[in-house]
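Please have the model open while reading.

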Amino acid sequence: MIDRSQIDQIRLATDVVELVREYVPTLAKAGKTFKGLCPFHSERTPSFFVNPELGIYKCFGCNEGGDAIGFLMKIDHLTFLEAASKLAERAGIVVEISRSRTPERESERSRLHRVLAEAANFYQKALQSPAGQPCRKYLEQRNVSEDTTRDFGLGFAPAAGEAVIEHCLKAGYGIEDLQKAGLAMKNAESGRFRDPMSGRLIFPIHDLMGHVVGFGGRLLEGEGRTPWNPEGKSGPKYLNSPDTPVFKKGSLLYGLHQAKGAMSQTDKALVVEGYMDVIGCHQAGSRIAVAPLGTALTADHARLIKRYAREAILFFDADRAGFEATQRTLSIMLGLDLWTRIAPHPDARDPDEYIAEEGIDAWMKVLESAQDGIDHLLEARLKGLTAPALNQRVRIAEEMLGYVAESPNEILKQEWARKIARRLALDEGGLMRQLSRLKPARQLAEERPPVRRASTTEDSMSVEGEILQILMSDPTCWSLNELTAEDFIDARAAEIFGRMLEARVQGVGFSGILEHLNPVTQDFFSYLAAQEKSYERTQEYFLSASKQLKVLKVKRQQKELAECIRTSPEGPDKQEALVRYRDLLKKWGDLERRTISPISS
């Protein structure tokens, strides 16, 4: 790892505007910040901001944000160490990488990565043991080679239920580590810890950096039976790790770690439905295959794909559920301007089964015959209609235009509208006018009025944000500050204020604060820093906002005490609450009478 002082040195030496402009040519000055089109999602109106003073970026469209190192990690698909080293090289800084690790210095994520890697190694060895023979037989039946088994790190979780737990405990990890990693679940009745993957074929799931972050498991015993669950209750065929600090199903794709290189080279991705589909495709030479983790494909999944490829081929099951998944996925892909084709499904066989029985050449022909997504859906809608009536053709056209409207690509939209008009024998001009009136689903969602919060929270969040923005941009206001972290109502604002206060005491800037905040607070900090706001008579405004925040805090405490007094029985506790309530009334009065005195210039 790189020493903390060197990380700070790299951040200070990096001009974040210069770095971002290499990837965002549209970046232009907008007041104190810079503004441009976001490189992480498709947009027409710039919503991507860079704050050079704090060294951070924020997109208000897709919500991405962070510092220079984080930007390089996302845009170039690098690890933290790789990104920091690259920026150090740009700045002429020679980094010293230390391999030492102590429990006190190690982050929670790093420790989870290590314990999950330990578990993955254990599962892989267990697959080769006598107990793993049923799994090996299953893989042989599915034509999975030993090389592929090794490449994907496939394993076996012994049915006893405690093997991986005992192994990791002996390796020096605590039961808390195993619980956080999703490797140990406590039985409510017995109080014993069990591996939720017991008795399953194991599929390690990696993040983009190659860390094992979770597991998928396929039950081979049927009906969910294990030695500690003999009746087979609660035993789904496929099971994923629970969500953890490093594992979120909605933002991970199985096989992406293995596929990203080939995807970048070919500019294509093949999206299939399951673990075995991905493995079968990779073994057959289609090394661009990825799959969601047993969930519907999300916009986050699509953005991951778009980092490496501009074209996606969909191959989902031929049944009704598969067709509906294809429709949902196409809508998402079009919204992100991903060129999407749909491969025809020859029959009900899975990709690995089709490849095994028909051969690799036949499979490649299936992929080569993939149709443009709009064309595919249009033909599917017309299937079985020999001479559709006008009202049927209009309904089909309206449905198809709904998909077309999702795309931000005006050229493609015009071409698709023309093709739909010709295929349905409808007036092209009418379809064009109808299309111009349609808004994509994402825009409709953005235009919905936000849900209003309770007035005190809303008021406090507004004033707290303004206070923090002023303190970020105008150092003179710190000499007027009488606030403490306890005065802030929102936990994120309190955390940011505390870190800013620490930075002031240490005599360092605010650019290094970001990495010390929790993820939710990081997002809020980036949001505040990227906003361009100016205040007339800044010092006076700051003092007024500080006074308002203190009043809001007192009013909130009064409300809580009033409820306590109302519901409490007569006694010492109620009397104490009444005394505190009177003290708050006096404090409120003092604040209201207090005059605002900015520093005279």
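## Salt bridges and cysteines

Arg423 and Glu379 form a salt bridge, with their closest N and O atoms 2.9 Å apart. This pair links distant parts of the chain. Arg423 belongs to helix 18 (residues 410-424), and Glu379 to helix 16 (residues 373-382). The two residues are 44 residues apart. Arg423 is partly exposed, at 44% relative accessibility. Glu379 is partly exposed too, at 32%. Elsewhere, salt bridges with shared partners join Asp347, Arg349, Glu357 and Glu358 into one network.

The model is predicted. Its salt bridges come to 28. Side chains of opposite charge can pair when their charged atoms come close.

Arg11 and Asp67 supply another of these contacts, a salt bridge with an N to O distance of 2.6 Å. This pair also links distant parts of the chain. Arg11 sits in helix 1 (residues 4-13), while Asp67 sits in strand 5 (residues 65-67). They are 56 residues apart.

Arg320 and Glu324 make a local pair within helix 13 (residues 320-335). Their closest N and O atoms are 3.2 Å apart in a salt bridge. Because the residues are 4 apart in the helix, about one helical turn separates them. Arg320 is exposed, with a relative accessible area of 54%. Glu324 is partly exposed, at 32%.

The table sets out the accessibility of the paired residues.

| Residue | Relative accessibility | Class |
|---|---|---|
| Arg320 | 54% | exposed |
| Glu324 | 32% | partly exposed |
| Arg423 | 44% | partly exposed |
| Glu379 | 32% | partly exposed |

Now the cysteines. How many disulfides does the structure hold? The count is 0. Cys38 is in no disulfide, and its nearest cysteine sulfur, that of Cys59, lies 3.6 Å away. Cys38 is buried, at 7% relative accessibility. Cys477 is buried too, at 0%.

Key:
Residues numbered from 1 in each chain as written. Predicted model: local features only at pLDDT ≥ 70, side-chain atom pairs only at ≥ 80, totals over all residues. Heavy atoms only, no water. Salt bridge = Lys/Arg side-chain N within 4 Å of Asp/Glu carboxyl O. Buried < 20%, exposed > 50% of the residue type's maximum accessible area, 1.4 Å probe, protein only. Disulfide = S-S within 2.5 Å.
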